[in-house]
Amino acid sequence: MNSEKPKLAVLTITLGGKTQAMRLSQLLPCDCFTSDKLVSTGFTGFNGSMADCVHRLFTTYQALLFICATGITVRMIAPLVTDKLADPAVLVMDEHATHVISLLSGHVGGANQLAVKLAKLLGATPVITTATDVNQLASLDTLIQSIGADVSLYRQQVKDINQLLVSGQAVGLYLDGVEVEDTRGFTPVTDLQLIPEGLAALVVVSNHTGLSFVANCLVVKVIPKNIVVGIGCRRGTDVALIYQHLCQHLAKYQIDLRAIKQIGSVIIKQDEVGLIALAEQLAVPFQIFSIEALQAHEHLFPISEFVRRTIGIGSVSQPCAWIMSNGNLLGETLKQDGITITLGVSKCYI
């Protein structure tokens, strides 16, 4: 789900539904909506019809919970459903909180997980119909989501692997320095030189390039986005030069460019055109750190007096990467053409 959007909108059209919405709002953060004639403290009116309200909320919230009939919900969202990778999670609950139904975007949108969470909070029964969940299996899409990963041909790969899992065929899973919480149904592979026979597919989770192995089955490469990059540069450095050196540095450690999770620099670089363009090119966040935040860690690294005189701190890329990776730096710092690049491995995933 998109973390920049509000998490949960709750919609109801009856007094009984309002009671459950208020009960839920006391247990977790959510925004409650109801018909204009039923508005009271804690609720926002539909400001017109329910359909108009749903149309506004569908693209602005991560998840929508309808406390009403499933048929009403289906009619409300039917004109709005576009893509499993973009649609919000949609759930339905009856006004007695007997069942919580995961209706749309069960895996990618997180509706299945949210249904289980809400059911526990309210003492309800979660209703989940996706095949992998029904068969108590993990799925490739939930695995990808849990580690914030990238995979080529996402739709087809997810479809192929999940169908193999559900049909009971052996799907190997190789984890290269990555911890994944749910691996139910996968066959563990600990050494790519000793791949078990009889696999229908092999999922390789690694941010490394150049992996050498032979597998007589479908192979899916999953690249965890767990690399953070601290960057310092001279004012006006061209993005092409920064990108060239970044690729060079990643290649030194055989790290895939798609593994980058975010880049970071000092606050004085918040308007640095080359760094802003780099973040846009990589489609990753550009995190800014204050001088004070970096000063708390600069004693750990070699200091440049020139840089200190220029911006008030003697090191930029290293303390940035240190903070973003919680001290888990990777390799040495690249220093070339007025550019410094330090890599780190983030552990902010399971």
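Trainee: With which residue does the side chain of Ser139 make a polar contact of 2.6 Å?

Mentor: This is a predicted model, in which local features need pLDDT of at least 70, side-chain atom pairs count only at pLDDT 80 or more, and totals for chains, interfaces and linings use all residues. Residues are numbered from 1 along each chain as its sequence is written, and side-chain values use heavy atoms, with hydrogens and water left out. The side chain of Ser139 makes a polar contact with that of Asp141 at 2.8 Å (a pair of N or O atoms within 3.5 Å; within protein, one must be able to donate a hydrogen and the other to accept it, and residues adjacent in sequence count only if both atoms are side-chain atoms). At 2.6 Å, the side-chain partner of Ser139 is Thr142.

Trainee: Is Ser139 buried or exposed?

Mentor: Ser139 sits in the loop between helix 5 (131-134) and helix 6 (140-146); helices (H or I, at least four residues) and strands (E, at least two) are DSSP runs, numbered from the N terminus. Beyond four places in sequence, Ser139 touches His107, Thr132, Asn162 and Leu165, where contact means heavy atoms within 4.5 Å. Buried means under 20% relative accessible area, exposed over 50%, and partly exposed in between (1.4 Å probe, protein chains only). Because its relative accessibility is 2%, Ser139 counts as buried.

Trainee: What is the relative accessible area of Asn47?

Mentor: Asn47 lies in the loop between strand 3 (43-45) and helix 2 (50-58). Its phi is near 55°, a positive value in a residue other than glycine. Asn47 is classed as exposed because its relative accessible area is 61%.

Trainee: What is the relative accessibility of Gln254?

Mentor: Gln254 is placed in the loop between helix 8 (239-252) and strand 14. Phi of Gln254 is near 55°, again a positive value in a residue other than glycine. Gln254 counts as partly exposed because its relative accessibility is 42%.

Trainee: Which element gives the most residues to the lining of the second largest pocket?

Mentor: A pocket is an open set of points on a 1 Å grid over the protein atoms alone, where a 1.4 Å probe fits, with protein on both sides within 12 Å along at least five of seven lines; lining residues have an atom within 4 Å of a point. The second largest pocket is lined by 25 residues, of which Gly232, Cys233, Val307, Gly338 and Thr340 lie nearest its centre. Among the elements that give two or more residues to this lining are strand 13 (227-233), helix 12 (317-324) and strand 17 (339-345). With four residues, the element that gives the most is helix 11.

Trainee: How far apart are the end C-alpha atoms of residues 227-343?

Mentor: UniProt lists these residues as "domain: CobE/GbiG C-terminal" in an unreviewed entry; such annotations may be inferred rather than shown by experiment. The span is 38% helix and 26% strand. Its end C-alpha atoms lie apart by 7 Å.
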